[in-house]
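The following exercises are to be worked with the sequence and the three-dimensional model at hand. Each task is followed by a solution in steps.

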Amino acid sequence: MALRYLSSRMTLGSRILSYRSSLASLHSHATRFQQIKEEEKSKLVGNVFTNVASSYDIMNDVMSAGLHRLWKERLVGKLSPFAGMKHLDVAGGTGDVAFRIFDAFNSVKRRALRKVDEASHEETQIYVCDINPNMLNVGKQRPAERGLSDNRSLVWVEGDAEALSFDDNSMDGYTIAFGIRNVTHIEKAIAEAYRVLKRGGRFLCLELSHVDIPVIPNLGELIAGDRDSYQYLVESVRRFPPQERFAKMIGDAGFEKVEYENLVGGVVAIHSAIKL
């Protein structure tokens with residue numbers, strides 16, 4: 001045990017010591033990612049999330065020190081899920097947000113307070129939409145792991161945030177967590193959210209703000225076996241518009257009561273709005 005522990009520490013130490021020697025290489029990677037052409041972004045995003053699909057939630061744990069779990073709980077709290085609702089979670093392939101929504105309206109306490117009958121509970125549907133089939137495949141395996149193999153409330157759909165396959169005015173809620181920065185045209189994704197929401201429907205977006213994130217050279221390789229994947233995730237955060245500009249984009253799409261809540265000193269924000 002002691003030898004294995006020592007070996008593990010030496011391996012980790014060697015990775016840390018390679019930090020300085022990797023900086024020059026990473027600088028060239030960063031420059032290349034900043035110069036991505038619009039038509040190349042979809043392919044790059046697809047490759048990135050194909051590479052990290054199986055370890056995506058672990059990567060979120062590492063990048064956020066586990067805080068992403070609390071942020072998502074806050075997101076779902078703002079949504080106030082209810083039995084019988086039709087909800088769309090975009091870029092949610094692994095189901096991390098969807099399961100939280102399911103647990104929220106499925107709680108015994110909530111059902112008792114709302115006096116929800118079984119029929120309306122069965123009508124509840126949470127659509128998990130993701131453009132990447134590998135991410136969806138990870139998510140599809142999780143109901144069985146949670147003892148929900150026969151559950152019909154969770155529906156997995158491969159689709160593009162910029163061209164959703166859902167009908168107009170068909171959803172009570174729309175969430176997207178750490179995903180909107182990866183779409184090619186953010187305005188189109190917001191417009192699609194507005195289109196599919198019913199009157200009174202809620203739009204909620206959890207996203208890292210326009211901040212600098214320290215680059216840890218070997219973290220991408222350590223988690224996903226691909227430095228480019230991690231570098232892209234870092235650069236995508238750096239390129240995301242500031243909160244005020246993003247809020248204006250939401251309002252320009254037609255949403256009302258647009259607001260945002262800063263978390264962790266503004267490192268992360270939850271934008272919310274309503275379709276009236």
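## Exercise 1. The annotated positions

Task: Classify D160 as buried, partly exposed or exposed, and then describe the sites that UniProt annotates together with this residue.

Solution. 

Step 1. D160 has a relative accessibility of 31% and therefore counts as partly exposed; buried means under 20% relative accessible area, exposed over 50%, and partly exposed in between, with a 1.4 Å probe and protein chains only. The model is a predicted one, in which local features need pLDDT of at least 70 and side-chain atom pairs count only at pLDDT 80 or more, while totals for chains, interfaces and linings use all residues. Residues are numbered from 1 along each chain as its sequence is written, and side-chain values use heavy atoms, with hydrogens and water left out.

Step 2. D160 is located in the loop between β3 (154-158) and β4. Helices (H or I, at least four residues) and strands (E, at least two) are DSSP runs, numbered from the N terminus. Although D160 and I131 are 29 residues apart in sequence, their C-alpha atoms are 5.1 Å apart in space.

Step 3. An unreviewed UniProt entry gives the feature "binding site" at T94, D130, D160 and A161. UniProt positions are given in the numbering used here, feature names are shortened, and such annotations may be inferred rather than shown by experiment.

Step 4. T94 belongs to the loop between β1 and α6 (96-106) and is buried, with a relative accessible area of 3%. D130 is part of strand β2 and is likewise buried, at 7% relative accessibility.

Step 5. Leaving aside residues up to four places away in sequence, D130 touches A91, G92, G93, M135, L136, V157, E158 and G159; contact means heavy atoms within 4.5 Å. A polar atom of the D130 side chain lies 2.8 Å from the backbone nitrogen of N132.

## Exercise 2. The nonpolar cores

Task: Which residues of the largest nonpolar core touch the most other members, and which element gives the largest share of this core?

Solution. 

Step 1. A nonpolar core is a set of buried Ala, Val, Leu, Ile, Met, Phe, Trp, Tyr and Cys residues joined through side-chain atoms within 4.5 Å. In soluble globular proteins, nonpolar side chains tend to be buried together.

Step 2. The largest core holds 28 residues, and those touching the most other members are L88, F166, Y174, I180, F203, F246 and F255. At least two core residues come from each of β1 (86-90), β2 (125-130), β4 (171-177), α11 (186-196), β5 (197-208) and α14 (243-252). Helix α11 gives the largest share, six residues.

Step 3. The buried residues of α11 are I186, A189, I190, E192, A193, Y194 and V196. Their cover includes β1, β4, β5 and α14.

Step 4. F203 touches Y174, A193, L197, I250, F255, H271, S272 and A273, not counting residues up to four places away in sequence. A second, separate core has 25 residues, L75, I126, W156 and L206 among them.

## Exercise 3. Backbone angles and a side-chain pair

Solution. 

Step 1. S80 has a positive phi near 55 degrees, in a residue other than glycine. F178 also has a positive phi near 55 degrees and is not glycine.

Step 2. D96 lies in helix α6 and is buried at 14% relative accessibility.

## Exercise 4. The chain as a whole

Task: How many helices and strands does the chain have, and what percentage of its residues count as buried?

Solution. 

Step 1. The chain has 14 helices and seven strands.

Step 2. Of its 276 residues, 50% count as buried.

Step 3. Among contacts between residues at least 6 apart in sequence, 78% join residues at least 24 apart.

Key. A polar contact is a pair of N or O atoms within 3.5 Å; within protein, one must be able to donate a hydrogen and the other to accept it, and residues adjacent in sequence count only if both atoms are side-chain atoms.
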